[in-house]
Structures are given as structure tokens and as C-alpha cells.
Amino acid sequence: MKARDVARMSLQALRRYPLRTAMMLLAIAIGVAAVVLLTAVGEGARRYVTGQFSSLGTELLIVLPGRADTAGGGIQGLLVGETARELTLDDTIAIMRSPRIRRVTPLVLGAGTASSGARERDITVLGTGAAMLEIQHWIMETGRFLPEGELDTAQPVCVLGFTVARELFPGQSPLGEWLRLGDARCRVLGVLSEQGLAGGFNVDETVITPVANAQQIFNTSAVFRILVEANDRDAVTAARRDILEIIKLRHAGEEDITVVTQDALVSTFDSIFNMITAGLAAIAAISLVVAGVLIMNVMLVAVSQRTGEIGLLKAVGARNGQILALFLTEAACLSLLGACFGIAFGAGGIWLMKILFPVLDFAAPLWASASAVGVAVASGLVFGILPARRAAALDPVNALMKR
Amino acid sequence: MMELSGICREYVVGAEIVHALDNVDLTIGEGEYVSIMGPSGSGKSTLLNVLGLLDRPTSGTYRLQGEDVSHLDDDSLAAHRQRHIGFIFQFFHLIPRLTALENVELPLVLAGEAPRARRERAAAILESVGLRARLDHRPDQLSGGERQRVAIGRALIMQPSYLLADEPTGNLDTRSGNEVMQILEQLNRGGIAVLIVTHDPAIGDRAKRHLKLRDGKIVGDVREPQP
């Protein structure tokens, strides 16, 4: 018996019960579409998050106090009250000595209120240096950014985020105006253009002020983070080593800081989201196994409905293997066709989601679509085996007695 | 030649053993025209199934064309059926979704024949049973007599030596039944052995050899005198 004839006969059999075939196709299609859509959501989220971090620049290194692997000295540290040594402005200045580093800026962050006249608003105070503008690739709307100069000089000036400027100085230029920042006052030098979210931090709702000024406002000598920009991407690893050595020297030989590179951060998020996507795919794949059980059910019904036909096939010389092949092919055709519809539904769903949520770049990874089709066909075959074997094992005399 | 010796076929029904065939000895030669008659449950159909290799005897020896086929496996039996035997059933057993032509070529499809060749042969056979205009009709578009003629076409397509018919006219009116019988007799004159199981004496009497069964035994074996 030729393979083409096997396929043709299986399709003819499927066409004979259009409603049942359509229902089965739908069940499999929904399973495959679920895999496609869920992985598309996971992939969209991954692209969004990694995109956000990548926008900060890949030459960026972030220095934070404490060691990630032995934070705070572990259990012992907790018991004796030992905490990580703080980073200071002097640490920041010391890092600049590395020749592999182009720009350095400290970061002090805190919540505060800003007011101008009767208007008041909750804002984030960001204390930093002039290099921040370049490191973050920010663009000025009007005015200028923080002045170059010694980091430890607390000049009473500030730069406003876009939203802050619009809400505190509606319809007027804030340049040269005084802004009350907690108990301090500072003169507005400029306004940043609209930045939106970057790394989960809304720049539009911050007031940026020289780091020494922010330290006075929050009454601290510590620096929250130090942002470092290496000369280029290849220098990142060497720059990281330099930073660790410089700070170690300054911290009495203790390596008590963590340096996170942008690449590491992005790849961490990348792998987290890939795991989530794979998990979503696995959950959706369960529906394909359920569809497989449905296929088995339908094929068992088909075998008992077509018992007479199977008897006839045997009477005219069909081998058991041929009967098996016919029914397995029928199950495989069902699942393969269903999978094709599922891919189409999934593509339609992605198109719809892109219209509804244009921020996210939904896209089903190829491996997800391919394995969804693979799992669908495999479960069709696996669950088709039992009915097909039952058909092949029918006794021709008994089978022929059923019409 | 079909040679049965000491053939028994027993079924277990509940706690009872039913002897559907009880020590049957029988020889059927090439080109014979045999009717098998007897009351219900006498074993007529079982005999036909054993002869047609659809059923295996519980004991005894069956030689078909000289080969012992009593203990072959499923696939070997299928191969022998394909080569030697054509079946005609009371309820036609046509596949409803296939056209007359496709039903007739089915055995050739299973045998792996190329599409063009098998279509030509099937069309020629349908023409010979008077269904030239019905090639593309599905069974539900055909009358009972026409359906049985399609079934005869299917039985003939592998050029068997034996045609086994189980109540071939049982589901037909007298006129269609008569047409079917005429076709079978014409085939018999062409050299194919025809075995018919029937209740109807009018049909059974047309054969040249009459077997009578009762309780699984052959109780009568009468040949018409040769003209």
C-alpha cells in the first residue's frame, strides 16, 4: 500500500465526520495557540525588560556596597551587627584614577517633596554629578545640566524632570526660579526632556541636584551607587577589576563591594524571562496532552463505528500493519492539521495583542511554535496507538458481522 | 482446490462449547458451483468463513491450492485471501464515503497497485457488471442491486479462483437478486468457483452441487448430473 494512498484514505475518513473532525481540530488548535500566545507574552516581556536595561548602555558598570555572595558578613555579620562598609564620595573620586574609565558619577537617592510657591509635589531626589547626563544619554529640554566641578561642593542648584517642571511651573519657564527641596532651596538650572521609564525608574518625576547637596538634604555621607562608564565595551572587564582593586585598597584590604556590569544584568534578566517563557510553554503544552486524550477518545469511537469497514478491509487482504497505519495516519493528520490552525490562531492573537498593547514587542519564539507542533503531533500519535492497535487486532468474522 | 479434512470449529459460549463445525471433510474443485444450505445455526456461515480464511479451524487440516493453511498467522491468511478469494456479503459492505470505482479498486490500493492501472482495471470490471454509468456514484446513490454488483466487482478485481457469497440475494428484491445470480453464474461459466450460502431454495437449487448442513455436520452432498 502506497503512503499517498494511506494519507488519502485517512483524509477521506476525516472528511466523512466534519463536525467531529472540526471539534478535534479546534481542541488541538487551541492547545497550540495557547503555547504560541503565552510564549509570545513571555518573549514580549523579556524584550521589554532587556530593552530597558540595554538602553542604559553596555559600557556601564554599577558599584554597590556589600558583596552579593556574602552580603553583610552572612549569619555572623547579622549576629554581631556588622553591615557592609558604605561607599563614599572619596571612593567615587578614587575610581576615576583608572585609565580604563571614561566617566564616573555617584548616586544618592531619596524621597522628598518639592514646592514652588503654593504648588507642592512628591518627588524623588537624585543627587549625582555632571557626568550623569552623558552616562544616561539624557537630553536637555531647556537650560543646562549640573555644572562640572568638585563633587563635594554642595551648590544649591537643581535640574527638573519633565513632569516635575510641568506641574510645579505650569505655563512658565522654571529657569532661574527657586525650588524648595525639603528644607533647602535651590535654583533651577534646566529641565530634562521627557525620558519615560528607564530601568524601572521614572526620571520625569525626579529633581536632580549635586550629590553633596543631596547628602546634606538626607543627612548622610554615604553614596547609594556609583555609576561608571568604561572607555568601551571591551574595557568593561578590566575596568571592573580596577574598581575592585581601588576600593579594596581604600577599604582596608576588604573586597566589600559588588560591581554589576550592564551585560551581566541584562543576561540575568534574559535568562529569568527565558525560564518564565519556557514555564508558560510547558503549562500550555499540558493542554496538548489533553487534546491527545481527546484524539484517543475520538479514534476509539471511530474504530467502533467503522468495525464493519475494518472487517471488510481485512477480508479483501489488508494486513494488520496496514490497518494500524491507516488509523495512526488519521490521528496524525488530525493533530498536524489542528496544529497548523493553532499556529494561524496564534499569529492572529499576536497581531491583536500588538494592536492592544503596542508597548510590548510580542513574538512567539520559533522553538515554541516548533515544539508546540511537535508535541501536538507526538501526542496524536502516542494516543492514536491504542485505538489503531485495537482496530488492527479485530477479528475479521466478528468485525464483518457489524454493518 | 479446497480440501478440508476433519475440520472442527468450536466456540465457547458461557460455560458451553458449541460445535459450529463438527469433523467436516470436504473437497471443492476449481470452477465448481456449490450451494450451502441448512437451518440457522447449522454452521453454514462458519464453513464459509473457514473456507474463506476469515476464521481458523479449532482442529483439522485445510489445504488451499495444495498448501496447508490451517495454522497460518493473520498476515499470511490475509495474503492468501487477497490472492485466491473474493467475498460477497448480504449487506454489501461497501465503504460509504468512497465512489463505486474507489470501492472496487480498494483491494488494489491495499496491494500497492499504481493509481492509473488500478483505475483502468476497476472501470473495466464495473463496465462488465453493467455499471458503466455509475463509476462516480457513492453507495447511497445506488440501488441495492447496483450495490451488490459493485461488491461483485470488488470481489473480482484481484482475479480470485473462488467467489464466496454469504446470502448475496438476502437483501435484494427478486429481480435484482436474479440479476446478481446471473452475473455470478456467468462468472462461474468463465471458470471461477462460486460458493453460495443461502436460505432460499430457489437460489440454492440453481447450483450444480448442493451441500446440506445440520448441527455442524455435512448431511447432504448432491451433485447435478453432468449434462
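## Where the two chains meet

In this predicted model, 28 residues of chain A are in contact with 29 residues of chain B. Together the two chains bury about 2,500 Å² between them, and 59% of that area lies on carbon and sulfur atoms.

Between chain B and chain A the count is 3 salt bridges. One of them joins the side chains of A:Arg8 and B:Glu102, with 3.9 Å from N to O.

On chain B, the side that touches chain A draws at least two residues from each of helix H2 (74–84), helix H3 (100–111) and helix H4 (115–128). By residue type, this side of chain B divides into 16 nonpolar, 9 charged and 4 polar residues.

## An enclosed strand in chain A

Now for a look inside chain A. Strand E10 (residues 206–210) of chain A has 5 of its 5 residues buried, so the strand is largely enclosed by the rest of the structure.

Strand E3 (residues 119–128) of chain A pairs with E10(A) in the parallel sense over 5 bridges; here A:Ile208 in E10(A) is the bridge partner of A:Leu126. Strand E5 (residues 157–160) of chain A runs antiparallel to E10(A), joined to it by 2 bridges. A:Val207 in E10(A) stands opposite A:Leu160.

Terms used:
Residues are numbered from 1 along each chain as its sequence is written. Chains are lettered from A and ligands numbered from 1 in the order in which they are written. This is a predicted model: local features need pLDDT of at least 70, side-chain atom pairs count only at pLDDT 80 or more; totals for chains, interfaces and linings use all residues. Side-chain values use heavy atoms; hydrogens and water are left out. Contact means heavy atoms within 4.5 Å. Buried area is the accessible area (1.4 Å probe) that two parts lose on being put together, summed over both. A salt bridge is a side-chain nitrogen of Lys or Arg within 4 Å of a carboxyl oxygen of Asp or Glu. Helices (H or I, at least four residues) and strands (E, at least two) are DSSP runs, numbered from the N terminus. Ala, Val, Leu, Ile, Met, Phe, Trp, Tyr, Cys and Pro count as nonpolar, Asp, Glu, Lys and Arg as charged, and the others, Gly among them, as polar. Buried means under 20% relative accessible area, exposed over 50%, partly exposed in between (1.4 Å probe, protein chains only). Two strands pair if DSSP finds at least two bridges between them.
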